[in-house]
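Please take a moment to look over the sequence and the structure shown below before reading on. The paragraphs that follow lead from one part to the next.

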Amino acid sequence: MTMADVEMTKAASDSDWVRVTSDDGYSFLVRRKVANASETMRDMLDTAVGNYLEGIERTCPVQQRGVIVEKLLEYMSFKSYYEGAGAKEEVPVQEFMDRVPPELVLELLLAADYQNM
Amino acid sequence: MASAARRGRPKIKPPRRVLPLHDTWADLANNIREIQNHNAPNLSFEENHRFAYNMVLHKQGEMLYRGVNQLVAENLDHLANSQVVPAFPSGASDGTMQSQEAEMLLKALRNIWDDHTSNMVRLGQILKYMDRVYAKSAGVPEIWDAGLNLFLKHIIRPPIKDHLVTAILTQIQFERDGYVVNRSAIKGCVDVFLTLEDANGIAVYKRDLEPALLKESQTFYEAEGFKLLQSCDAPEYLRRVESRFESEDSRTHHYLSHNTAPPLRQILQSHLLTAHLNAVISMEASGLDAMIDLNKTNDLARLYRLFIMVPAGLACLKRALKDSIRKRGEVINQASSGIEGAEGEAASKPRPAAGAQTLTLALKWVQDVLDLKDLFDKIWKEALACDRELESTLNEAFETFININDRSSEFISLFIDDNLKRGLRGKTDTEVDAVLDKTITVFRYITEKDVFERYYKGHLAKRLLLGRSVSDDAERGMLAKLKVECGYQFTQKLEGMFHDMKLSEDTMKAYRTHLSQTVSPKIDISVIVMTSTFWPMAPASSTCTLPLEMIKTSKSFEQFYLSRHSGRRLTWQPSLGNADVRVNFKLKKHDLNVSTLALVILLLFEDQGPDDFLTYEEIKQATSITDVELQRHLQSLACAKFKILKKHPAGREVDPTDSFSFNADFSSSLQKIKISTISSKVESGEERKETKDRIDEERRHQTEACIVRIMKDRKHMTHTDLVNEVTRQLATRFLPNPLNIKKRIEGLIEREYLERCDDRKSYNYMA
């Protein structure tokens with residue numbers, strides 16, 4: 001508990017590691033910056049006002065299968081990486097789309113809606 | 001670490017779609033109450049978010065929305081009852097108690113506001129899907145805005161609202177009375193008022209607090225104005241007012257809206273300034289005049305700063321400054337008009353004392369004016385922020401009172417004369433220059449520059465002829481200054497005089513060389529040839545019969561000069577010259593420096609025995625000097641400090657019945673004696689009238705010349721245009737009277753320079 005206390009007092013920073021878990025037991029560690037690509041996760045992890053359990057534990061449970069969570073995080077990394085890219089910079093959107101298996105598309109769509117991103 | 005913490009609570013299950021939604025709401029409602037009790041850290045965000053998500057997905061958005069609103073409202077009522085109502089004022093009459101209670105109430109409000117807003121943020125986070133999907137489609141405000149509306153409805157309502165407004169006003173009043181209040185408590189509440197807007201988008205601050213605040217301030221400052229006026233002198237009043245402005249500024253800046261600053265300022269301006277401007281500035285013994293007298297630059301600067309805030313202030317300040325200058329000017333004029341009294345005497349029987357006294361008065365007048373100008377320049381620079389408008393006001397005021405004194409031109413010229421004559425007495429060139437520079441600024445105020453020119457010419461001529469100038473450079477410097485002020489025309493003749501002096505020097509050198517080659521007459525002579533149009537002396541103003549020796553000498557020069565310049569006419573001006581003569585007295589010889597005319601008189605006594613008399617009439621016949629001149633020179637020989645002649649009977653004034661004898665007993669410790677001619681340097685009444693006539697005549701010529709010049713150019717002009725143009729062109733020299741211009745036009749019509757047109761309103765030029 002003391003550990004948690006110490007960490008709570010620390011200001012949230014983009015380079016913090018946060019854990020994202022799937023409902024089938026997978027767990028992913030990503031930078032807070034990546035997690036913030038989802039508005040729902042950002043609110044969930046907010047410690048400035050919200051300060052819910054997830055925020056204190058820095059863990060976002062996602063009620064999806066591991067493979068979906070992995071794809072979500074892949075997209076979120078992609079998004080946060082290219083965020084703020086200049087107009088000249090080429091964003092390989094097509095490449096990313098090619099990596100999305102068609103059988104996951106529907107589930108991903110629902111998950112993305114829930115994650116508000 | 002995260003997994004360790006998770007072990008302590010049940011695993012979050014995916015919400016089954018079969019779950020009865022009513023249960024979902026019951027759980028969520030419970031959790032919301034927990035959140036409102038600050039238990040969010042024990043709740044799962046994911047769970048509650050999913051509850052709300054599912055309800056919206058299953059068309060239960062309205063139920064969710066209403067339910068949340070209901071919960072928020074309940075919570076607000078609870079907060080109000082538990083925190084705000086207990087902090088209501090007890091009705092204590094003690095000021096400090098009131099202030100403390102007000103502070104408590106304001107703090108309580110801020111507390112529940114902070115509580116409410118952070119709750120609303122938390123709710124907003126888990127209800128985001130509702131905001132995004134339900135609120136938009138149902139056309140209701142998002143939950144955050146709904147929360148604000150609920151706060152407005154449940155907290156900012158009577159009687160809470162009224163108590164809050166009263167508390168804020170109490171605190172402000174308390175601070176205005178000079179006590180310290182907790183500004184951040186007030187600011188906390190004011191910020192809430194600023195944030196909350198009613199249905200019409202008007203902030204509560206603007207709707208409820210500001211009007212009350214302004215009304216209160218108005219009452220307070222209206223009374224304050226009168227109170228201060230009663231209890232303070234002017235500088236203190238202004239100090240207090242300024243500090244009121246500052247404190248109100250800091251008040252609006254620190255805990256009120258900046259939008260309140262302008263109307264509040266307006267109230268201060270109208271009740272502390274506009275209402276009492278005149279009363280303050282004209283306060284006996286401490287108003288503007290006193291501040292000027294006591295040289296209170298800071299107070300004056302403050303007065304200026306405050307007065308220019310209000311539109312009436314500048315006008316009031318202008319009026320007061322003008323009055324002050326006018327009064328001071330009148331005093332100065334009054335002091336110099338002592339001359340008038342002494343002068344009546346001086347005109348009839350000129351006395352050396354009167355002349356000197358009037359000169360002193362004239363110099364004093366200019367010096368006083370300069371000092372006054374200095375004083376106001378200093379004030380203008382240091383206290384009035386070099387305000388351009390006030391500068392012109394000051395100038396106007398100076399111009400008015402300087403021109404009220406109709407002898408100002410003469411006085412200024414005399415002053416310059418005095419400085420150029422005696423300039424080196426303890427003053428460096430730069431100092432003299434500075435004085436002259438200042439004199440020029442006063443000169444600028446004179447409207448009748450031609451009058452000044454006439455006097456200046458006269459004084460300059462005397463300086464040049466008598467060699468009284470301290471330095472040629474200073475003279476030329478002054479000339480250059482006048483040229484800058486009034487242009488080439490103005491100084492043309494003055495420069496001509498300098499030129500004559502230079503030419504005469506050369507001529508004299510040539511003449512001396514000429515004499516060394518031929519036979520020189522007995523008397524040494526030095527001649528200044530003056531071009532008659534440049535110099536102010538009337539040609540042949542005073543003649544006299546010269547002794548033979550002197551005639552010889554002058555003839556010799558005449559011949560020499562006319563041989564070099566044929567076709568010129570030389571007229572001798574003995575009244576302007578002076579001579580060195582050695583006189584044998586009983587005790588010893590003395591070298592006397594006397595005027596040429598005095599020498600002529602003195603020479604009459606050369607062959608007289610010690611007890612012989614010459615009557616006034618005899619002297620007059622022998623010399624044919626005019627009465628005025630003769631009296632003057634006899635007086636300087638017989639009645640002044642050195643009595644070369646004896647007058648019978650003795651006395652200060654010379655009468656035509658007097659007779660004179662040589663004073664052989666004269667003795668003095670000095671070898672060389674200068675017998676200065678008694679001359680009233682300030683003009684006597686008669687002279688002044690003469691000068692005025694001459695000026696009037698000159699003006700007539702100038703006006704006519706100007707009219708002709710304009711008409712020659714334009715050929716045709718209406719009467720009004722012509723008069724305006726003439727006035728404009730002549731303004732650099734004097735202010736012509738339209739009536740005089742009309743007279744001159746008529747004169748020109750008679751002489752057929754102009755003709756009147758048929759419309760009777762305009763003229764044609766006839767060449």
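**A guided walk through the two chains**

Ser624(B) lies in the loop between α27 (616-623) and α28 (627-638) of chain B. This is a predicted model, and in it Ser624(B) has a positive phi of about 50° although it is not a glycine.

Arg760(B) is in the loop between β8 (754-756) and β9 (762-765) of chain B, and its phi is near 65°, a positive value in a residue other than glycine. Arg760(B) has 7 C-beta neighbours inside 10 Å and so counts as exposed. A further loop, between α18 (352-382) and α19 (388-404) of chain B, holds Cys386(B). With 10 C-beta neighbours inside 10 Å, Cys386(B) also counts as exposed, and, when residues up to four places away in sequence are left aside, Cys386(B) touches Trp380(B) and Lys381(B). In the loop between α7 (143-154) and α8 (160-176) of chain B one finds Pro159(B), and the peptide bond that leads from Pro158(B) to Pro159(B) is cis, with omega near 0°.

From the loops we can turn to a sheet. Three strands of chain B make an open sheet of 3 strands in the order β1-β2-β6, with mixed pairing. The edges are taken by β1 (578-584) and β6 (672-674) of chain B, each of which has a single partner strand, so one side of each is left without a neighbour in the sheet. On average, and with direction ignored, neighbouring strands of this sheet are turned by 25° against each other. Between β1(B) and strand β2 (residues 589-595) of chain B there are 7 bridges, and these two strands run antiparallel; they form a hairpin with 4 residues between them. Two of the pairings can be named: Arg582(B) stands opposite Asp591(B) in β2(B), while Asn584(B) has Lys589(B) of β2(B) as its bridge partner. Across β1 and β2 of chain B lies helix α26 (residues 596-604) of chain B, which runs at about 130° to β2(B).

Elsewhere in chain B, helix α3 (residues 45-57) has 13 residues and reaches 18 Å from its first C-alpha to its last, close to the 18 Å expected at 1.5 Å a residue. Is this helix enclosed or exposed? Of the 13 residues of α3(B), 11 are buried, so the helix is largely enclosed by the rest of the structure. Among the buried residues of α3(B) are Phe45(B), Phe51(B), Ala52(B), Tyr53(B), Met55(B) and Val56(B), as well as Glu46(B) and Arg50(B). Just after the helix, Lys59(B) takes a positive phi of about 60°.

In soluble globular proteins, nonpolar side chains tend to be buried together. Here the largest nonpolar core has 76 residues, and those with the most contacts inside it are Ala35(A), Ala52(B), Leu106(B), Met130(B), Ile168(B) and Cys189(B). Helix α5 (residues 95-126) of chain B gives the largest share of this core, 9 residues. Ile168(B), for its part, touches Leu106(B), Ile186(B), Cys189(B), Val190(B) and Leu209(B), not counting residues up to four places away in sequence. Apart from this core lies another, of 66 residues, among them Ile292(B), Ile332(B), Ile379(B) and Tyr456(B).

Chain A remains to be described. Its secondary structure comes to 7 helices and 3 strands, which follow the pattern α-β-β-α-α-α-β-α-α-α along the sequence. Chain A has 117 residues, and buried residues make up 30% of them. Helix α5 (residues 66-82) of chain A has 17 residues, and its buried residues, including Ile68(A), Leu72(A) and Tyr75(A), pack against β1 (17-22), β2 (27-31), α2 (32-35), β3 and α7 (105-115) of chain A.

The contact between the chains takes 23 residues from chain A and 20 residues from chain B. On the side of chain A that touches chain B, the elements that give two or more residues are α1 (2-9), α3 (39-45), α4 (53-57) and β3 (59-62) of chain A, and by class this side has 9 nonpolar, 6 polar and 8 charged residues.

Terms used
Residues numbered from 1 in each chain as written. Chains lettered and ligands numbered in written order. Predicted model: local features only at pLDDT ≥ 70, side-chain atom pairs only at ≥ 80, totals over all residues. Expected span 1.5 Å × (residues − 1). Buried ≥ 20, exposed ≤ 12 C-beta atoms within 10 Å, placed from the backbone. Contact = placed C-beta atoms within 7 Å. Nonpolar A, V, L, I, M, F, W, Y, C, P; charged D, E, K, R; others polar. Pairing = 2+ DSSP bridges. Axes fitted to C-alpha atoms, helices over the stretch in contact; angles between N-to-C directions. Core = buried A, V, L, I, M, F, W, Y, C linked by C-beta atoms within 7 Å.
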